[in-house]
Amino acid sequence: MAAELNLEALRNEIDQIDEVIVRLLDSRARCAYAVGRLKHELGRPIYEPAREAAVIAHVRQVNQALGGPLDGDAVARLYERIMDEARRIQRLEADRDARDKAKSDSEAGL
Amino acid sequence: MKERASDTEVEAVIASLVEMGMDVHRSTGASRIVLGVVGGGKADPRLIELMAGVHEVLRITQPYKLASRTFKPEDTIITIADLRIGGDEVIVIAGPCSAESEEQVHVTAAAVKRAGAKILRGGAFKPRSSPYSFQGMGEAGLQLLRSGANAHDLKLVTEVMDASQIEVIGKYADIYQVGARNMQNFTLLRELGRTRKPILLKRGIAATMEEWLLSAEYILAGGNTDVILCERGIRTFETFTRNTLDLSAIPIVKELSHLPIFVDPSHGMGRRDKVAPMARAAVAAGADGLIIEVHNDPDHALSDGAQSMFPSQFDRLMAELRIIAPAIGRSICLEPVARRGWAR
């Protein structure tokens with residue numbers, strides 16, 4: 001009975017942590033979106049391998065200091081997913097820009 | 001990616017995939033990196049395969065659309081009057097290789113009907129390997145075949161070799177057959193796509209299943225949705241048989257496509273004594289139908305005599321198939337007329 005109550009409590013805690021994670025992911029995605037716009041203005045590519053490597057190295061370092069059950073490789077794999085999605089956000093935005101440009105060009109009779 | 005692919009190689013591949021407008025999912029495993037690629041771009045997988053560090057490129061989606069089960073999950077059932085092809089009943093097509101004479105067509109048609117066949121086969125325009133072999137009777141042969149089919153309440157399938165024959169064959173036949181040699185005659189396939197009669201599409205002698213389904217796609221893309229695939233043997237190093245009958249095509253095609261699949265054990269084996277075992281195996285493997293050469297006098301046939309069965313052999317085969325089909329939940333010609341033939 002006590003074990004069941006504990007399980008319930010831990011699951012509630014996970015639900016609350018998930019809410020925080022999703023909020024943080026949302027903030028991160030908004031940043032990635034803004035970065036995408038700036039990259040576009042500066043004419044830089046969506047995929048910047050050096051930056052992705054730096055992000056992974058950074059999160060590995062942060063994780064190592066915590067010393068929890070997630071090892072560095074696990075954190076790197078999770079971040080690969082997160083960056084896949086960030087790249088996708090930037091790609092969708094670039095596609096939209098290209099479409100808008102094509103549309104305004106054709107309206108302008110270019 | 002290869003096990004020893006460097007970071008630079010991986011980065012170069014991701015960069016070019018992103019440039020193509022693809023979304024990349026990078027997964028780092030214990031020994032190698034897998035890149036999942038999603039997108040509507042027209043990337044040529046071979047271009048990626050050529051890049052340094054790439055181990056292999058596996059395509060997940062098929063190049064054919066209309067023929068694939070993803071597009072249409074339920075089986076296609078083709079209806080010709082009261083006949084349903086691709087349903088529970090295994091449909092047997094039988095008859096001579098070529099129409100030769102009125103007597104030959106009528107005697108053979110009567111024999112195959114009695115045994116339980118539903119469709120008469122027979123060629124009027126024959127694609128022979130040698131230009132000096134018997135080339136068929138032409139329209140006169142079509143007339144003979146149609147009258148033989150009508151006299152015994154059979155449907156008729158005959159081969160169309162060229163787009164110029166579509167109209168004349170359409171006057172007589174219920175199903176157009178496209179032979180193995182014409183499987184990749186794309187102009188013919190396009191023209192047949194415009195017709196509204198079922199097409200029996202034989203597998204090319206050296207065609208992969210994907211190429212075969214792409215040929216079906218040509219017909220489907222023209223708006224003709226009634227395509228029956230027919231395995232007839234592929235060329236291998238084996239010389240004992242005429243071709244190697246690829247029965248593995250049945251379960252594979254059934255998974256990849258919603259189209260019915262038939263098997264032609266006569267051309268696959270090239271010897272009448274080997275036709276029955278392969279016909280039994282084809283039904284057991286799940287074929288929707290068979291196409292078998294039967295001749296009233298095979299030893300004097302003008303073409304393919306060696307692979308044509310005697311009517312008595314065909315009778316026996318049909319009786320065996322009636323035992324096999326129910327084992328996999330199928331039926332095969334259960335009408336009383338056929339039972340009489342079985343008991344004989």
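A residue is called buried if 20 or more other C-beta atoms lie within 10 Å of its own, exposed if 12 or fewer do, and partly exposed in between, with the C-beta atoms placed from the backbone.

## What you're looking at

This is a predicted model, where local features need pLDDT of at least 70, side-chain atom pairs count only at pLDDT 80 or more, and totals for chains, interfaces and linings use all residues. Residues are numbered from 1 along each chain as its sequence is written, while chains are lettered from A and ligands numbered from 1 in the order in which they are written.

Most residues other than glycine have a negative phi. B:Asp304 isn't a glycine, yet its phi is positive, at about 55 degrees. You'll find B:Asp304 in the loop that links strand E12 (289-293) to helix H11 (311-327) of chain B; helices (H or I, at least four residues) and strands (E, at least two) are DSSP runs numbered from the N terminus. Because B:Asp304 has 22 C-beta neighbours inside 10 Å, it counts as buried.

B:Ala81 isn't a glycine either, and has a positive phi of about 50 degrees. Look for B:Ala81 in the loop between strand E3 (78-80) and strand E4 (83-85) of chain B. Is B:Ala81 buried or exposed? B:Ala81 has 7 other C-beta atoms within 10 Å, so it is exposed.

## Domains of chain B

Chain B splits into domain 1 (7-49) and domain 2 (78-343), with bounds that come from an automatic or database domain assignment. Taken over C-alpha atoms, the centres of domain 1 and domain 2 of chain B are 45 Å apart.

## Two helices crossing in chain A

In chain A, the axes of helix H1 (residues 2-42) and helix H3 (residues 72-107) come within 9 Å and cross at roughly 45 degrees. Axes here are lines fitted to C-alpha atoms, for helices over the stretch in contact, and angles run from 0 to 180 degrees between N-to-C directions. That angle is why H1(A) is oblique to H3(A): under 35 degrees would be roughly parallel, over 145 roughly antiparallel, 65 to 115 roughly perpendicular, and the rest is oblique.

Which residues make the contact? H1(A) brings residues including A:Ala29, A:Tyr33 and A:Gly36, and among those from H3(A) are A:Ile89, A:Glu93 and A:Asp97. Two residues are in contact if their C-beta atoms, placed from the backbone, lie within 7 Å.
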